[in-house]
2 protein chains.
Amino acid sequence: MGWREPFAEGTGWLSMSDVQAYIGDGLQRFTDEIFEFLQIPSVSAKSDHDADTRRTAEWLHARLVDAGLEAEVIDTPGHPIVLGEWRGAGEGAPTVLVYGHYDVQPAEPVELWHSPPFSPEFREGRLYARGSADDKGQLYLHVKAAEAHLKAGDGLPVNLIILAEGEEEVGSPNLVPFLEENCDRLACDAIVISDSAMFAPGLPCLLFSLRGLAYCEIHVDGPSSDLHSGSYGGPVVNPAMALSQILASLFDDDGRIDIDGFYDDVLDWDDETRDSIRNLPFDEEEFATSIGTTLAGAEKAYSVNERLWTRPACDVNGILSGYTGEGAKTVLPANAMAKVSFRLVADQNPQRVFDLMRAHVAKVAPEGVTVRVEELHSGMPWRAQLSGKLKEAATTALIKAFGAAPVLAGEGGSIPIVCDFERVLGAPALLVGFSLPGANEHAPNEWFPQENIEKGIRALAYLYEELR
Amino acid sequence: MGWREPFAEGTGWLSMSDVQAYIGDGLQRFTDEIFEFLQIPSVSAKSDHDADTRRTAEWLHARLVDAGLEAEVIDTPGHPIVLGEWRGAGEGAPTVLVYGHYDVQPAEPVELWHSPPFSPEFREGRLYARGSADDKGQLYLHVKAAEAHLKAGDGLPVNLIILAEGEEEVGSPNLVPFLEENCDRLACDAIVISDSAMFAPGLPCLLFSLRGLAYCEIHVDGPSSDLHSGSYGGPVVNPAMALSQILASLFDDDGRIDIDGFYDDVLDWDDETRDSIRNLPFDEEEFATSIGTTLAGAEKAYSVNERLWTRPACDVNGILSGYTGEGAKTVLPANAMAKVSFRLVADQNPQRVFDLMRAHVAKVAPEGVTVRVEELHSGMPWRAQLSGKLKEAATTALIKAFGAAPVLAGEGGSIPIVCDFERVLGAPALLVGFSLPGANEHAPNEWFPQENIEKGIRALAYLYEELR
């Protein structure tokens, strides 16, 4: 497996503490446990997986107790929250709250996976499984880093709270109420979240921004039942065509989102930040090749990373209407549905975007159909408020584990609750992840870099020390 | 069941021949047989129903033999052709070729049927089942009309060929080669097809036109696999959005099809025909109410029936892309697919329409995706060439059976092989059907008017007499 090989020079190998030795010795067991964790299909969006999702929470609870934390499975109106706590560092020490989620995206389309989504497998240095990167695999690195301190060190250097929810992939409906009801218990000096990627292999990063989300479904209803497209085609407005017209109206010819007022709240970033983004070691062509397409979408005046991190986007996530099986069925479908999501940037607000979208759809919907927009999921965009100490501690820990200082980077995806955490708990969030770009989160063949199981646990163990 | 009730005055009750008496006596058995015929799911488009489709052909063959015809099941590279023949009227008598099809449309979405699609059921004067109207139910009326003459009369008044294919719903790929190879054996004086509707309850019609069809699939391919819409949304062109843009480009703001050259071959009908269409007893508002929508589609300068019969149409028959299940999956789909069909009118040609469509799609497809158009199904538009005798015979037969003279009407749907029959066999086609508008052909809850089982068989038995 290669676990025993020393890693790159200058990464702390020569000064290995008992804690770091424990990590080296325990890696095979830690890996076995991650496999077990990933085997339970905790798909929060699908109610037929509710029992699996609860089983995952209970499994995680037991591992937190094994690691030496006090832990609870706390019921919510949806999937439970798992809370681990260790207060042994005392009142004078800082308190760190780690947040992660044990739920995962649906695995569909399952037939495109090269190995079953819930049967973890190492191939070519990657751990393939749904949730390996997003976020079970990364959440578990914290559990093992804490265990190393608790079992091999003099306890943890900081007070630690590990909060894992089971509803991140469905919009965390019960998390904020939980934070608000428990804000005293959850009071902390920093929030640490590992649900993102490094900038490149060997190059860790700290995140300075996340995009927000406004995810909706558009339903177009036409005739009261499916009709024969020959007998009715022409005078009857086709709901699938009407839906296409509505979707097409969302963009102008320059790749900008063509909804009145949409860009009103979009912050223009300063030239310095834009330059620093452009100067990152990033090959747009290689990026395009890695995903098998060109990068012709959205606002071409911006570099690819600017488009991904600092500009909003609109995507169709799914469309369904009529007959989609084999052969030619001449049906005029009664209904059509699309899932549409907007990625938002500071200072946009998802509720305002839903309102603008609803007004836009009402304006462009053709005569002869009825259209409704259903809000499914939302999250605020986020910009980091990294204090000196938090940033320094993270930088040092990452240098020790990876032998490279982290760059500052944005992330196109959303972790909708980051803003809520900062607001309710009044502490800054540090987003430091160990996945890699192209890890297929939310797609078939999700993976996590095998070597970062070890390096991630080591980095987090160092981080807890540096935050003391 | 009401079979024994005399029907409306003046319909021939008082002059009932042995043939007509036989029909009255046999109705319960005929109905049982139709039920049996409809129970076999002969879905030609779906290869997992191939055995059912063959079983249907064999069942029909046996019934033709029972009725007194010589019959054969003739293999083709696809589904078999069933051929029944009776030549006893002699060389001096005319030969009538009846064409029908024993295959049916897929039943999906099955959950919208009020009774299972392949469990025929009478409800409120209607026979509900997939294929009841299109076309198994109507084809079988001819079998029973022939049987009545052969069992109760002095044989049939005309030589009769009954040709039933099993591939009408998938474009009849093997029919024309069969006609061409057997044109001597199939030589005839008239082609009779019952695969259409009466104009209204109690008001039969003869068809003067059918629209043609050009049915294709559009495939849009983007990235090599599904991506996380957060991490990639913006610079990556979304295939589902690209597909929507392509589909939306097919119409202009006035409801006309916006493809260069599309209307070049569309015949403008003369004012007399337009007036006669407008003067038919037809309530547009009632029609709209019956299907639960308004009639705001296509070219509003034309009446609804003009739009349906004399103007082309474009419909999206199905769309599929990305995640369409429960909840919010933030995926940027790798592919998108739509089924798109055009209804054509004289003198359009489906191959030219495919070519125009392909050129149009190439022109409007956005950068960043690859698009291909796959031809699935096509048929020429048709205009009737009713000779005096054929029209007169049909008129008389319909008056006898229904007590009302038929009107001339068009049909928005397609029977793609009508043109081929006329071309290859050199005889005019008579399209006389017994379904009703709104019978849900190609949709859930297809039905056929119960009373037209009897009236249809009687009308066809009269028709064979009148054609002598």
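In chain B, β1(B) pairs with strand β2 (residues 81-86) in the antiparallel sense over five bridges. Helices (H or I, at least four residues) and strands (E, at least two) are DSSP runs, numbered from the N terminus, and two strands pair if DSSP finds at least two bridges between them. This is a predicted model, in which local features need pLDDT of at least 70 and side-chain atom pairs count only at pLDDT 80 or more, while totals for chains, interfaces and linings use all residues. Residues are numbered from 1 along each chain as its sequence is written, and chains are lettered from A and ligands numbered from 1 in the order in which they are written.

Angles run from 0 to 180 degrees between N-to-C directions, and axes are lines fitted to C-alpha atoms, for helices over the stretch in contact.

Another helix pair of chain B consists of α1 (residues 18-39) and α3 (residues 136-152), which pack at an angle of about 140 degrees with their axes 9 Å apart. Their crossing is right-handed; a crossing is left-handed if the near helix is turned anticlockwise from the far one by less than a right angle, and right-handed if clockwise. Among the residues in this contact are Phe30(B), Ile34(B) and Phe37(B) of α1(B) and Tyr140(B), Lys144(B) and Ala148(B) of α3(B). Two residues are in contact if their C-beta atoms, placed from the backbone, lie within 7 Å. By class, the contact has 11 nonpolar, two polar and four charged residues. Here Ala, Val, Leu, Ile, Met, Phe, Trp, Tyr, Cys and Pro count as nonpolar, Asp, Glu, Lys and Arg as charged, and the others, Gly among them, as polar.

A further open sheet in chain B has three strands in the order β15-β8-β16, with mixed pairing. β15 (382-383) and β16 (407-411) of chain B stand at the edges with a single partner strand each, so one side of each is left without a neighbour in the sheet. Strand β8 (residues 205-210) of chain B pairs with β16(B) in the parallel sense over five bridges, and Cys205(B) stands opposite Val407(B) there.

Some loops of chain B have backbone features of note. Most residues other than glycine have a negative phi, and most peptide bonds are trans. The peptide bond from Glu108(B) to Pro109(B) is cis, with omega near -5 degrees, and Pro109(B) is in the loop between β3 (95-101) and β4 (121-123) of chain B. Glu124(B), in the loop between β4 and β5 of chain B, has a positive phi near 50 degrees. Asn440(B), in the loop between β17 and β18 (447-449) of chain B, has a positive phi of about 60 degrees. Is each of these two residues buried or exposed? Glu124(B) is exposed, with 7 other C-beta atoms within 10 Å, whereas Asn440(B) is buried, with 22. A residue is buried if 20 or more other C-beta atoms lie within 10 Å of its own, exposed if 12 or fewer, and partly exposed in between, with C-beta atoms placed from the backbone.

Chain A is divided into domain 1 (13-210 + 381-466) and domain 2 (212-266 + 312-376), with bounds from an automatic or database domain assignment. The centres of these two domains of chain A, taken over C-alpha atoms, are 36 Å apart. Their contact takes five residues from domain 1 and seven residues from domain 2.

Between the chains, the contact takes 81 residues from chain A and 82 residues from chain B. The largest share of the chain A side, nine residues, comes from β11(A). By class, that side has 35 nonpolar, 33 polar and 13 charged residues. β11(A) also runs antiparallel to strand β11 (residues 313-322) of chain B, joined by five bridges, and Gly322(A) stands opposite Gly318(B).
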